[in-house]
Amino acid sequence: MSSFDDKVALTIEGMDSKARGIARMDGYVVFVPGALVGETVMAKFVERRKHYGIAVIESILKSSDYRVPPKCKYYEACGGCDLQHASYDHQLHIKNELVVEAIGRIGKWPDFDVEPTLPSPQVWRYRNKAIFQARYQGGRKKLGYFAKGTHEVVEIDDCPILDPLLNDIYRLVKCAIEDSDITFYDEHRGKGLVRNVVVRSSLSNQKALMALVLSRKPYPTELNGLKRISAQLVDDKPFNLQGILLNINASGGNFVWGPSTLLLAGDDSLEERLGAFELCYGITDFFQVNVPQACNICKIVSEHAAGSGRILELYSGVGTITCFLASMCRHVVAVEEWRPACKSLSHNMAKNGLSNVTILCGKAEEVVTQKVKDGFDTVVLDPPRTGCHGDVLDFIGKIEPNKIIYVSCNPVTLARDGKILIELGYKPVRISPLDMFPQTSHVECVALMVKST
């Protein structure tokens, strides 16, 4: 086998869940970021472990027919997208294969059929949320995205998957904060105030919210400075920035939000329309980043839930799916952990005249064991990437609903949880991947499972 520093010719045989090409050298697995199936590349190892290695492309000896030039000039450096080098049709094929691979290899579901991946109505400029990293690096303040596999910030002037409004606000905020006395976070020293800048936009009314996520409680002089900058940005009417908030997250880890949020200027919520429903949500609430495709998910879930009388919806967020369910069944019990989202959920049910929804605020695994009993025709699940807690799956096995509708943003955890549901007596009827995140390897999926007779 070649030494660690050698260049090697590799033929790409498959792709993993991170959209990396997979090659083999005498049975030794090599992951190659940016490579497509069928390509032959000259690559150089950057990491070698006992059972696998990682190599980067030095040159492409044989190119795939599906390879296209990336649209973003930051693509090679930025860690945001990982499939811009593939044509859009091929991206859909890759995502379908990722779902099939996860369910078949990891889940080992005995009998299943995966539908073609539903294309996104927009493949560029679709994303209504961005989390920018604020860091003090190289002797200056930098605002942008993390580079691939590092915490080095890549500064940008335009992100082609973002709503243009958010790109405008990014440039505006970048100048305002960089020219101020407000400090950015220095990871090496553990000092500096601003850690993240989060921006969100509404497709239906083209307005935006922004939050400054801080590493600690600001000093009075810092708070006054933030309020002054925020008032100026909100008053800059052409940019439609209708509110700026402050969030304090003093903990480590990758979760952006801390428990304390304060309004600095303007309004504290956005409004968005999905189908016939109007929804309000706050800056820290979960809300799908691709609104037209989120509407398609809601429609698919509604079709699956047709005929249900009483539905238990877990991980309900601000009520996007809840609205659709409540409009076509007798009663919905909606469970959500994040308290600000519960407040938005309650507001949205009232706003849309939906009085047949009971809201329970708490962790799904705690609510189902303490506050909920049986009597549900259907259970709708929309968990985070980590999937469902074991107690949730145990509860479903005890109450035995006729249908389970699982909305997943991670095929691996869908495969794992689905295997458990199959063991509990459920059969997969429809598996529908949707492209919620064009230009990336992420794929959303709606799976309908019914109780075997």
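**A first look around**

Analyst: Happy to. Let's start with Phe45, which lies in strand 5 (residues 40–48); helices (H or I, at least four residues) and strands (E, at least two) are DSSP runs, numbered from the N terminus. This is a predicted model, where local features need pLDDT of at least 70 and side-chain atom pairs count only at pLDDT 80 or more, while totals for chains, interfaces and linings use all residues. Residues are numbered from 1 along each chain as its sequence is written, and side-chain values use heavy atoms, with hydrogens and water left out.

User: Is Phe45 buried or exposed?

Analyst: Phe45 is buried, with a relative accessible area of 2%. Buried means under 20% relative accessible area, exposed means over 50%, and partly exposed is in between (1.4 Å probe, protein chains only).

User: And how many Å separate the C-alpha atoms of Phe45 and Val379?

Analyst: They are separated by 47 Å, and the two residues are 334 residues apart along the chain.

User: Okay, sheets next. What order do the six strands of the open sheet take?

Analyst: The order is 1-5-6-4-3-2, with mixed pairing. Two strands pair if DSSP finds at least two bridges between them. Strand 1 (7–11) and strand 2 (14–15) are at the edges with a single partner strand each, so one side of each has no neighbour in the sheet.

User: How many bridges join strand 2 to strand 3?

Analyst: Two bridges, and the strands run antiparallel, with strand 3 covering residues 20–25. Met15 stands opposite Gly21 in strand 3.

User: What about the open sheet of seven strands?

Analyst: That sheet has the order 9-8-7-10-11-12-13, again with mixed pairing. Its edges are strand 9 (153–155) and strand 13 (260–266), each with a single partner strand, so one side of each is left without a neighbour there.

User: Which way do strand 10 and strand 11 run?

Analyst: Strand 10 (residues 194–201) and strand 11 (residues 208–214) run antiparallel, joined by seven bridges. Val199 stands opposite Met210 in strand 11. In the loop between strand 10 and strand 11 you'll find Gln206, which has a positive phi of about 50° although it is not a glycine. Gln206 is partly exposed, with a relative accessible area of 30%.

User: Which strand does Ser201 lie in, and what does it touch?

Analyst: Ser201 lies in strand 10 and is buried, with a relative accessible area of 0%. Ser201 touches several residues, including Asn128, Asp163, Lys207, Glu272 and Tyr281, leaving aside residues up to four places away in sequence. Contact here means heavy atoms within 4.5 Å.

User: Switching topic: how many residues are in the largest nonpolar core?

Analyst: The largest one has 91 residues, and Phe132, Val197, Met210 and Val301 have the most contacts inside it. Helix 4 (residues 291–305) gives the most to this core, with eight residues. A second, separate core of 36 residues includes Val335, Phe395, Ile431 and Met449. By nonpolar core I mean a set of buried Ala, Val, Leu, Ile, Met, Phe, Trp, Tyr and Cys residues joined through side-chain atoms within 4.5 Å.

User: Which residues does Phe132 touch?

Analyst: Among them are Leu143, Tyr145, Ile156, Tyr170 and Val197, not counting residues up to four places away in sequence.

User: Back to helix 4: how many of its residues are buried?

Analyst: Eleven of the 15, so helix 4 is largely enclosed by the rest of the structure. The buried ones include Val291, Cys295, Ile300 and His304. Just after helix 4, Gly307 takes a positive phi of about 90°.

User: How much of strand 20 is covered?

Analyst: Strand 20 (residues 403–408) is mostly covered, with five of its six residues buried. It pairs with strand 19 (residues 378–381) in the parallel sense over four bridges, and Val380 stands opposite Ile405 in strand 20.

User: Last one: where is Lys108 found?

Analyst: Lys108 is in the loop between helix 1 (88–107) and strand 7 (129–137). Lys108 is exposed, with a relative accessible area of 57%, and its phi is near 50°, a positive value in a residue other than glycine.
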